[in-house]
Amino acid sequence: MNSPKKQQLVEQELLASYDSLYRLAFTYVKNEADAMDVVQESAYKAVKNAGSLKGKEYVKTWLCRIVINTSLELLRHKQREMSQEVLQEDGREDVYCDFDTIDALEVLSEKERAAVVLRYFEDRKLQEVADILEENLSTTKSILYRSLKKLKIKLTEGEFCYES
């Protein structure tokens, strides 16, 4: 497949998957504006590097990988900025939502979070999740199982069982 055809394929998939890519980015950056920035930056990277796409069957996986990596780059960049600055309390903290499940994702590693988001938030098939994470299927299943156990513990923290 030549580069213009790959670029067109990438552009079509970006348009078709925009909402899904946005949700994926949001689960990492937890901020509406940052998630939009991540998707825009990812789209730019994808179109610019469309020639490196191996085959059209990998386009969705490839785009998810770009979004995840771009999200992580943004988080690392923000973390570096915060560590270089003297933190000032000016009340500008940007919190988009306080859903328990989204907050509970914080207990997971980057790979675990990606697996859970892709499988349960984005409804991806297990093999697709494995391809995106660059893991084999059984490892991906183990990652998901371990992640769900961690989430269950986090989400049931502080709950008491009352018998009537």
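**Salt bridges across the model**

A search of the whole structure turns up six salt bridges, a salt bridge being a side-chain nitrogen of Lys or Arg within 4 Å of a carboxyl oxygen of Asp or Glu. Before we visit some of them, a word on the ground rules. This is a predicted model, in which local features need pLDDT of at least 70, side-chain atom pairs count only at pLDDT 80 or more, and totals for chains, interfaces and linings use all residues. Residues are numbered from 1 along each chain as its sequence is written, and side-chain values use heavy atoms, with hydrogens and water left out.

Let's start with Glu-106 and Lys-30, whose closest N and O atoms are 2.7 Å apart in their salt bridge. Glu-106 sits in the loop between α4 (100-104) and α5 (110-121), while Lys-30 sits in the loop between α1 (3-29) and α2 (32-48), so this pair ties together parts that are 76 residues apart in sequence. Helices here are DSSP runs of H or I with at least four residues, numbered from the N terminus. Lys-30 is buried at 19% relative accessibility, whereas Glu-106, at 46%, is partly exposed. Buried means under 20% relative accessible area, exposed over 50%, and partly exposed in between, with a 1.4 Å probe and protein chains only.

Next comes the salt bridge between Glu-73 and Lys-45, with closest N and O atoms 2.8 Å apart. It links distant parts of the chain, as Glu-73 belongs to helix α3 (residues 59-84) and Lys-45 to helix α2, 28 residues apart. Glu-73 is partly exposed, its relative accessible area being 38%.

Finally, Glu-128 pairs with Arg-124 in a salt bridge whose closest N and O atoms are 2.8 Å apart. Arg-124 is buried at 8%, and Glu-128 is partly exposed at 22%.

Note on methods. Helices (H or I, at least four residues) and strands (E, at least two) are DSSP runs, numbered from the N terminus.
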